[in-house]
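I opened the notebook to record what I looked up in this structure. The entries follow the order in which I checked things.

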Amino acid sequence: RHPRGTAPLIHHTFVPQHNSHSFCPSKEFQLLLNRSQTVITMAGVEEVNPATPENLAALRKAVSGSETGLPHHDDNSLSRFLWAKKTVERAAGLVTAHDEFIAKHNLQNQTLADVEQAFQTNFYSFHPEMRTDKGEMILWARPRFLNWKEIEPQQVQLFMFFCINTMTKAFPETKAKGLCLVIDWRGAGWKNFNRKLPPLMLKMVQECLPARMKVIAHLEQPTWFSMVWAIVSPLLSSKLRSRVTLLGPAPKLLTLASPPNLASELGGSLDVTLEMQRSILSRRY
(Lines give C-alpha, C1' and ligand atoms only; values in the text may rest on other atoms or scores of the structure.)
Protein backbone atom coordinates (compact mmCIF):
# COMPACT_ATOMS: atom_id res chain seq x y z
CA ARG A 1 0.00 0.00 0.00
CA HIS A 2 1.10 3.58 -0.53
CA PRO A 3 -0.26 7.00 0.47
CA ARG A 4 -3.15 8.33 -1.62
CA GLY A 5 -1.87 10.20 -4.65
CA THR A 6 1.61 8.70 -4.33
CA ALA A 7 2.71 6.04 -6.79
CA PRO A 8 5.52 3.63 -5.90
CA LEU A 9 8.82 3.78 -7.71
CA ILE A 10 9.71 0.36 -9.07
CA HIS A 11 13.36 -0.53 -9.60
CA HIS A 12 13.75 -3.65 -11.72
CA THR A 13 16.94 -5.40 -10.76
CA PHE A 14 18.81 -8.23 -12.43
CA VAL A 15 18.82 -11.66 -10.84
CA PRO A 16 21.72 -13.85 -12.00
CA GLN A 17 21.11 -17.30 -13.40
CA HIS A 18 23.15 -19.75 -11.34
CA ASN A 19 24.45 -23.07 -12.47
CA SER A 20 22.48 -25.70 -10.57
CA HIS A 21 25.65 -27.72 -10.12
CA SER A 22 27.41 -24.84 -8.33
CA PHE A 23 25.23 -24.86 -5.21
CA CYS A 24 21.79 -25.75 -3.92
CA PRO A 25 20.18 -22.54 -2.63
CA SER A 26 18.09 -22.71 0.52
CA LYS A 27 14.40 -21.82 0.40
CA GLU A 28 15.08 -18.51 2.16
CA PHE A 29 17.87 -17.63 -0.29
CA GLN A 30 15.54 -18.37 -3.21
CA LEU A 31 13.02 -15.95 -1.67
CA LEU A 32 15.75 -13.31 -1.60
CA LEU A 33 16.47 -13.93 -5.29
CA ASN A 34 12.79 -13.64 -6.14
CA ARG A 35 12.31 -10.47 -4.09
CA SER A 36 15.34 -8.85 -5.67
CA GLN A 37 13.64 -8.94 -9.06
CA THR A 38 11.50 -5.98 -8.02
CA VAL A 39 12.31 -3.50 -5.25
CA ILE A 40 9.41 -1.18 -4.45
CA THR A 41 10.09 2.06 -2.57
CA MET A 42 7.85 4.98 -1.71
CA ALA A 43 8.29 8.43 -3.20
CA GLY A 44 7.03 11.84 -2.21
CA VAL A 45 6.47 11.06 1.48
CA GLU A 46 7.68 13.89 3.71
CA GLU A 47 8.77 12.73 7.16
CA VAL A 48 8.13 14.76 10.30
CA ASN A 49 11.34 15.86 12.02
CA PRO A 50 11.42 13.99 15.36
CA ALA A 51 14.40 16.01 16.66
CA THR A 52 12.43 18.91 18.14
CA PRO A 53 13.91 20.90 21.04
CA GLU A 54 11.34 19.27 23.33
CA ASN A 55 12.30 15.76 22.22
CA LEU A 56 16.02 16.50 22.50
CA ALA A 57 15.55 17.70 26.08
CA ALA A 58 13.37 14.69 26.88
CA LEU A 59 16.00 12.35 25.39
CA ARG A 60 18.77 13.90 27.49
CA LYS A 61 16.62 13.47 30.59
CA ALA A 62 15.62 9.90 29.72
CA VAL A 63 19.26 8.81 29.44
CA SER A 64 20.99 10.99 32.05
CA GLY A 65 18.23 12.17 34.36
CA SER A 66 18.73 15.80 33.36
CA GLU A 67 17.47 17.87 30.42
CA THR A 68 20.99 19.31 30.12
CA GLY A 69 22.77 15.96 30.46
CA LEU A 70 24.90 14.08 27.91
CA PRO A 71 27.38 16.93 27.34
CA HIS A 72 29.41 14.71 24.98
CA HIS A 73 26.45 14.78 22.55
CA ASP A 74 25.58 18.14 20.99
CA ASP A 75 22.14 18.54 19.40
CA ASN A 76 23.43 17.49 15.97
CA SER A 77 24.82 14.26 17.41
CA LEU A 78 21.80 13.50 19.58
CA SER A 79 19.27 14.21 16.84
CA ARG A 80 20.64 11.23 14.89
CA PHE A 81 19.21 8.86 17.49
CA LEU A 82 15.75 10.41 17.26
CA TRP A 83 15.77 10.16 13.46
CA ALA A 84 16.93 6.54 13.69
CA LYS A 85 14.33 5.42 16.25
CA LYS A 86 11.56 8.06 15.98
CA THR A 87 10.51 7.97 19.67
CA VAL A 88 12.31 9.25 22.77
CA GLU A 89 12.03 5.87 24.50
CA ARG A 90 13.57 3.89 21.65
CA ALA A 91 16.19 6.58 20.99
CA ALA A 92 17.23 6.46 24.65
CA GLY A 93 17.95 2.76 24.33
CA LEU A 94 20.11 3.39 21.25
CA VAL A 95 22.04 6.21 22.95
CA THR A 96 22.77 3.91 25.89
CA ALA A 97 23.93 1.06 23.62
CA HIS A 98 26.04 3.47 21.53
CA ASP A 99 27.78 4.96 24.56
CA GLU A 100 28.33 1.52 26.11
CA PHE A 101 29.98 0.36 22.87
CA ILE A 102 32.28 3.38 22.99
CA ALA A 103 33.17 2.74 26.64
CA LYS A 104 33.74 -0.99 26.05
CA HIS A 105 36.21 -0.35 23.23
CA ASN A 106 37.72 2.82 24.75
CA LEU A 107 36.67 4.98 21.81
CA GLN A 108 35.93 8.21 23.68
CA ASN A 109 38.67 10.02 21.78
CA GLN A 110 38.78 7.87 18.65
CA THR A 111 40.43 9.47 15.63
CA LEU A 112 41.34 8.35 12.13
CA ALA A 113 44.84 7.50 13.37
CA ASP A 114 43.31 4.77 15.55
CA VAL A 115 41.84 3.00 12.50
CA GLU A 116 44.53 3.92 9.97
CA GLN A 117 45.38 0.34 9.01
CA ALA A 118 41.79 -0.48 8.07
CA PHE A 119 41.42 2.88 6.31
CA GLN A 120 44.46 2.17 4.15
CA THR A 121 42.96 -1.07 2.83
CA ASN A 122 40.50 1.06 0.78
CA PHE A 123 37.88 -1.58 1.57
CA TYR A 124 35.32 1.09 2.40
CA SER A 125 34.89 4.30 0.42
CA PHE A 126 32.54 7.24 0.17
CA HIS A 127 32.20 10.62 -1.50
CA PRO A 128 29.99 13.54 -0.33
CA GLU A 129 28.26 13.56 -3.73
CA MET A 130 27.92 9.79 -4.11
CA ARG A 131 24.17 9.38 -3.58
CA THR A 132 21.24 7.35 -4.80
CA ASP A 133 18.51 9.09 -6.78
CA LYS A 134 16.51 9.25 -3.55
CA GLY A 135 19.33 11.07 -1.75
CA GLU A 136 20.75 8.25 0.37
CA MET A 137 24.53 8.52 0.82
CA ILE A 138 26.29 5.54 -0.75
CA LEU A 139 28.82 3.58 1.29
CA TRP A 140 30.93 1.52 -1.09
CA ALA A 141 32.43 -1.69 0.29
CA ARG A 142 34.89 -3.81 -1.71
CA PRO A 143 35.69 -7.15 -0.04
CA ARG A 144 38.51 -7.84 -2.51
CA PHE A 145 40.73 -5.44 -0.56
CA LEU A 146 40.48 -7.41 2.70
CA ASN A 147 43.54 -9.56 3.42
CA TRP A 148 42.81 -11.45 6.63
CA LYS A 149 46.47 -12.29 7.10
CA GLU A 150 47.15 -8.60 7.65
CA ILE A 151 44.06 -7.30 9.45
CA GLU A 152 41.67 -8.50 12.16
CA PRO A 153 37.85 -8.42 11.86
CA GLN A 154 37.55 -6.16 14.91
CA GLN A 155 39.82 -3.58 13.26
CA VAL A 156 37.40 -3.43 10.32
CA GLN A 157 34.45 -3.22 12.71
CA LEU A 158 35.92 -0.27 14.65
CA PHE A 159 36.88 1.47 11.41
CA MET A 160 33.31 1.20 10.13
CA PHE A 161 31.96 2.45 13.46
CA PHE A 162 34.25 5.48 13.22
CA CYS A 163 33.35 6.18 9.59
CA ILE A 164 29.58 5.88 9.91
CA ASN A 165 29.55 7.79 13.20
CA THR A 166 31.60 10.59 11.62
CA MET A 167 29.62 10.72 8.39
CA THR A 168 26.23 10.97 10.10
CA LYS A 169 27.57 13.96 12.03
CA ALA A 170 29.38 15.56 9.08
CA PHE A 171 26.41 15.25 6.70
CA PRO A 172 23.23 16.02 8.70
CA GLU A 173 21.00 15.23 5.70
CA THR A 174 21.84 11.54 6.17
CA LYS A 175 19.69 11.59 9.31
CA ALA A 176 16.55 11.87 7.18
CA LYS A 177 17.72 10.43 3.86
CA GLY A 178 19.66 7.49 5.30
CA LEU A 179 22.45 5.37 3.86
CA CYS A 180 22.80 2.88 1.03
CA LEU A 181 25.46 0.20 1.45
CA VAL A 182 26.76 -1.10 -1.88
CA ILE A 183 28.81 -4.28 -1.50
CA ASP A 184 30.87 -4.61 -4.66
CA TRP A 185 31.95 -8.25 -5.01
CA ARG A 186 34.02 -7.78 -8.18
CA GLY A 187 37.40 -9.46 -7.86
CA ALA A 188 36.59 -10.99 -4.47
CA GLY A 189 37.14 -14.65 -3.64
CA TRP A 190 36.18 -16.83 -0.70
CA LYS A 191 39.52 -15.91 0.88
CA ASN A 192 38.26 -12.32 1.24
CA PHE A 193 35.29 -13.41 3.35
CA ASN A 194 35.72 -13.87 7.09
CA ARG A 195 32.77 -15.40 8.92
CA LYS A 196 33.79 -13.54 12.11
CA LEU A 197 33.07 -10.15 10.53
CA PRO A 198 29.27 -10.28 9.88
CA PRO A 199 28.30 -10.84 13.56
CA LEU A 200 30.52 -7.93 14.63
CA MET A 201 29.28 -5.61 11.90
CA LEU A 202 25.58 -6.39 12.06
CA LYS A 203 25.31 -6.21 15.84
CA MET A 204 27.02 -2.82 15.71
CA VAL A 205 24.87 -1.47 12.86
CA GLN A 206 21.59 -2.75 14.24
CA GLU A 207 22.12 -2.05 17.93
CA CYS A 208 24.71 0.70 18.39
CA LEU A 209 24.82 3.13 15.47
CA PRO A 210 22.39 6.04 14.94
CA ALA A 211 22.18 5.45 11.20
CA ARG A 212 19.30 4.53 8.89
CA MET A 213 20.43 1.79 6.53
CA LYS A 214 17.82 2.14 3.78
CA VAL A 215 19.34 -0.21 1.18
CA ILE A 216 21.93 -2.99 1.13
CA ALA A 217 22.73 -3.69 -2.51
CA HIS A 218 25.02 -6.55 -3.58
CA LEU A 219 26.84 -5.93 -6.85
CA GLU A 220 28.31 -8.72 -9.01
CA GLN A 221 27.59 -11.22 -6.22
CA PRO A 222 29.59 -14.44 -6.78
CA THR A 223 28.18 -17.91 -7.39
CA TRP A 224 29.07 -18.83 -3.78
CA PHE A 225 27.04 -15.92 -2.39
CA SER A 226 24.39 -18.34 -1.10
CA MET A 227 26.97 -19.54 1.44
CA VAL A 228 27.52 -15.94 2.58
CA TRP A 229 23.77 -15.42 2.82
CA ALA A 230 23.36 -18.56 4.93
CA ILE A 231 25.75 -17.03 7.49
CA VAL A 232 24.47 -13.47 7.32
CA SER A 233 20.70 -13.89 7.02
CA PRO A 234 20.03 -15.19 10.57
CA LEU A 235 21.84 -12.13 11.95
CA LEU A 236 19.57 -9.62 10.19
CA SER A 237 16.43 -8.11 11.65
CA SER A 238 13.35 -8.67 9.49
CA LYS A 239 13.36 -4.96 8.58
CA LEU A 240 17.00 -4.96 7.45
CA ARG A 241 16.57 -8.28 5.63
CA SER A 242 13.74 -6.74 3.61
CA ARG A 243 16.13 -4.00 2.44
CA VAL A 244 18.66 -6.38 0.87
CA THR A 245 18.69 -6.57 -2.91
CA LEU A 246 20.88 -8.41 -5.43
CA LEU A 247 21.71 -6.15 -8.35
CA GLY A 248 23.95 -8.49 -10.33
CA PRO A 249 26.05 -6.80 -13.08
CA ALA A 250 27.63 -3.47 -12.17
CA PRO A 251 25.59 -1.42 -14.71
CA LYS A 252 22.45 -2.35 -12.76
CA LEU A 253 23.59 0.08 -10.06
CA LEU A 254 22.22 2.76 -12.39
CA THR A 255 18.73 1.64 -11.32
CA LEU A 256 19.55 3.20 -7.94
CA ALA A 257 21.86 6.10 -8.80
CA SER A 258 22.72 8.32 -11.77
CA PRO A 259 26.25 8.53 -13.27
CA PRO A 260 27.01 12.05 -11.94
CA ASN A 261 26.53 10.66 -8.43
CA LEU A 262 28.68 7.55 -8.75
CA ALA A 263 32.39 6.79 -8.60
CA SER A 264 34.09 6.39 -11.98
CA GLU A 265 34.71 2.70 -11.21
CA LEU A 266 30.96 2.29 -10.75
CA GLY A 267 30.11 3.86 -14.10
CA GLY A 268 29.99 7.45 -12.88
CA SER A 269 32.22 10.49 -12.94
CA LEU A 270 33.25 11.06 -9.31
CA ASP A 271 36.89 10.74 -8.29
CA VAL A 272 36.90 8.85 -4.99
CA THR A 273 40.30 9.10 -3.33
CA LEU A 274 41.79 8.29 0.06
CA GLU A 275 43.03 11.88 0.31
CA MET A 276 39.51 13.28 -0.06
CA GLN A 277 38.12 10.84 2.49
CA ARG A 278 40.98 11.60 4.89
CA SER A 279 40.18 15.32 4.76
CA ILE A 280 36.63 14.58 5.95
CA LEU A 281 37.40 11.87 8.49
CA SER A 282 40.23 13.86 10.07
CA ARG A 283 37.94 16.66 11.27
CA ARG A 284 36.06 16.77 14.56
CA TYR A 285 32.30 17.17 14.31
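Entry 1. Before anything else I wrote down a term: a cavity is a set of grid points where a 1.4 Å probe fits but cannot get out, and its lining residues have an atom within 4 Å of a point. I also noted that this is a predicted model.

Entry 2. I searched the whole structure for cavities of 30 Å³ or more and found one. Helix H6 and strand E5 (179-184) are among the elements that supply at least two residues each. By class I listed 25 nonpolar residues, three polar and no charged ones.

Entry 3. I turned to H6, which runs over residues 153-170. This helix has 18 residues and reaches 26 Å from its first C-alpha to its last, close to the 26 Å expected. Is H6 mostly covered or mostly open? I noted it as mostly covered, with 15 of its 18 residues buried.

Entry 4. I looked up the largest nonpolar core and found 56 residues in it. Val156, Met160 and Ile164 are among those with the most contacts inside this core, and so is Tyr124. The largest share of the core comes from H6, which gives ten residues. A second, separate core has 17 residues, including Trp140 and Leu247. Leaving out residues up to four places away in sequence, I listed what Tyr124 touches; Phe159, Met160, Cys163 and Gln277 are among them.

Entry 5. I went on to the second largest pocket, with a volume of about 540 Å³. It is lined by 21 residues, and the closest to its centre are Ile102, Gln108, Asn165, Lys169 and Arg284. Which helix gives the most to this lining? H6 does, with five residues. Helix H3 (75-85) and helix H4 (88-104) each supply at least two. I sorted the lining into seven nonpolar, eight polar and six charged residues.

Entry 6. I finished with Asn165, which is found in helix H6. Why do I call Asn165 buried? Its relative accessible area is 9%, and buried means under 20%, so Asn165 counts as buried. Not counting residues up to four places away in sequence, Asn165 touches Arg80, His98, Leu209 and Pro210.

Methods:
Residues numbered from 1 in each chain as written. Predicted model: local features only at pLDDT ≥ 70, side-chain atom pairs only at ≥ 80, totals over all residues. Heavy atoms only, no water. Helix = DSSP H or I, 4+ residues; strand = E, 2+ residues; numbered from the N terminus. Expected span 1.5 Å × (residues − 1). Buried < 20%, exposed > 50% of the residue type's maximum accessible area, 1.4 Å probe, protein only. 1 Å grid on protein atoms, 1.4 Å probe; cavity = no way out; pocket = protein on both sides within 12 Å on 5 of 7 lines; lining within 4 Å. Points joined across faces, edges and corners; volume = space filled by probe spheres on them. Nonpolar A, V, L, I, M, F, W, Y, C, P; charged D, E, K, R; others polar. Core = buried A, V, L, I, M, F, W, Y, C linked by side-chain atoms within 4.5 Å. Contact = heavy atoms within 4.5 Å.
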